[in-house]
Amino acid sequence: MVAHLLRLKLLLLRNLFRRSRAQTIGLIAGIIYFSFAVVGVAVALASLRTSPGDARVVIPLVGAATIVLWTIVPLFTFGSDPTLDPARFSTFAIPTRDLAVGLALSALIGLPAIATGVIMTGVFVASTVTLASSVVGLLSVVIGVLTAVTTSRWVSARSTGALQSRRGRDALGIAALLLLVVVAPVVAIVGRSSDDAKATADLLSDVVAWTPLGWVWAAPSDIAAGDTLIGLVRLGLGAATLLLVGRLWAAAVADQVENPRAISRSDAGVAADGDLGLLGRLPDTPGGAVAGRVLTYYRRDPRFQVSVIMTPLVPLLLLVPYYLGDVAWAPLLMAPLVAFLLGWGEHNAVAYDSDAIWLHLVTATPGGADRRGRLVSSVLLAAVLLPTYAVVGAWVGQRFDLLGGLVGLSVALLGAGYGLSSIMSVVLPYPVPESGESPFASPPGAAGVTLLSQTVASIGTAVIASPVVVLAWLGWQGQVWAVWATAVLGVVLGVAAALVGIRIGARIFERSGPELLAALRRT
């Protein structure tokens, strides 16, 4: 039965390359892109073989991070890999032990597992200082990876209570995302406050090496350094941890198979009879209907709520280099950054509305109404965030003389993003999580086309706004006339780019509506 489960997972992995030609090309491009980073990390770790002292510090931290990431990431993408859900096997007479082992090993088949295997190869090479450390290193990698995978499955299974409803899954994912956003500034502050970064890393590694996260990873370095007894003790503790987590995972599988959960989707909230919500409060026009529907998404759809939460927070990260690295210009970019994010964020707006786009076709909704209506919610958010961050950035950076230029640059980036997005969301949509799914799920085969579309949107926005960017740089250098030129040209260029993009996008939408719907259905 274990072998059968593994074969099924291999078939699913193979089927990733048997989708549409565009998705297959996109998947291959994404794999090639990320493989450079993965191989680079593996080579860097392998190079520690000639520096046993550094390896003794780095390897436990890398191993602990591997276990943590394997445990946390599934909470972001809960439901994206239903093949590993034990409850789905409740109607099959499969022994609990075989099912637990098969599902745990099945998690080792997939692109994340392959990336982990490549990185762990570097970890193993770093431990091949002596014959004994090589043997222990191999055992440590095997035990460590199995511990990471099994812990991941156990945490996901035991999170069923919190993740049973869609709201529970999304709330947990958003909370984890906010935690990750906070981690980077905290790490930077700790590193800044430490007089000796290496001493801090040594201390952290020593602490981790005596925890369940680092026991197994620290063992090879102990053996290589001659601390055989300590290394064997840590290896034994790591093996015991794997056995404990394995038992916990088997118990979780038994609970879910014997008491399969019924996922309810009734928690989305229902309006009172006769109450159309925002649809009844906006103008009774095609554009008003589109705007009302998108605004409703922002109230109820976690895929949109993540954007609303994260967009205002990201510019605050620019305060970290300002206060810790004395980067004087960092706070001045707060308003332009939020403008760029708001404009760029609309480049795939149609894909998030794929369930309702057919209504536009059967009712002959004008393309202009569709393009303008989708931007209303973003424009309302921009009307609050742009002036706020422009003033805050000028105040923190003590450059109120650049306030007009900051507003002009922000409007230029916002308008350029809206104009380009109005075209790209029709011409180059890419797969996104379906409504009701986790906003952090990644549709199979979407990595390459996603990367392509996002790159084009980023570069295109920067190119369109480049004249204003040049003027803003001259204003930063002290050219007073450039500040006022940035303010005027930024507003003119931003508004013009948005209007032209909306007009072009509307024509494409009206001309190729059926093809767009077909493309969205395929994705």
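Predicted model: local features only at pLDDT ≥ 70, side-chain atom pairs only at ≥ 80, totals over all residues.
**Entry 1: the end of H20**

I then turned to H20 itself, which covers residues 466-476, and asked which of its residues are buried. They are Val468, Leu471 and Gly475. Viewed down the axis of H20, these buried residues fall within an arc of 60 degrees, so they line one face of the helix. I next looked up what this face meets: the buried residues of H20 pack against H18 and against helix H21, residues 480-511.

**Entry 2: Ser453**

I located Ser453 in helix H19, which runs over residues 447-464. Is Ser453 buried or exposed? Its relative accessibility is 0%, and therefore I recorded Ser453 as buried. I also listed its contacts, leaving aside neighbours within four places in sequence. Ser453 is in contact with His347, Met424, Leu428 and Tyr430.

**Entry 3: cavities**

I searched the whole structure for cavities of 30 Å³ or more and noted three. I examined the second largest cavity, which holds about 50 Å³ of space. Which residues line the second largest cavity? I found Glu346, Ala349, Arg371, Arg374, Leu375, Ser421, Ser422 and Ser425. Two elements each give two or more residues to this lining, namely helix H17 (367-396) and helix H18 (403-427). Sorted by class, the lining of the second largest cavity has three charged, three polar and two nonpolar residues.

**Entry 4: nonpolar cores**

I went on to the largest nonpolar core, which has 26 residues. Which of them touch the most other members? I noted Leu45, Leu48, Ile59, Met120, Val123, Trp217 and Leu235. The elements that give two or more residues to this core are helix H2 (21-46), helix H3 (52-76), helix H5 (111-126), helix H6 (131-158), helix H10 (215-224) and helix H11 (228-258). H6 supplies the largest share of the core, with six residues.

I followed one of these members, Trp217, in detail. Not counting residues up to four places away in sequence, Trp217 touches Ile59, Pro60, Gly63, Ala64, Ile67, Met120, Val123, Ser140, Val141, Gly144 and Val145.

Notes:
Residues numbered from 1 in each chain as written. Heavy atoms only, no water. 1 Å grid on protein atoms, 1.4 Å probe; cavity = no way out; pocket = protein on both sides within 12 Å on 5 of 7 lines; lining within 4 Å. Points joined across faces, edges and corners; volume = space filled by probe spheres on them. Helix = DSSP H or I, 4+ residues; strand = E, 2+ residues; numbered from the N terminus. Nonpolar A, V, L, I, M, F, W, Y, C, P; charged D, E, K, R; others polar. Buried < 20%, exposed > 50% of the residue type's maximum accessible area, 1.4 Å probe, protein only. Arc of directions from axis to C-beta. Contact = heavy atoms within 4.5 Å. Core = buried A, V, L, I, M, F, W, Y, C linked by side-chain atoms within 4.5 Å.
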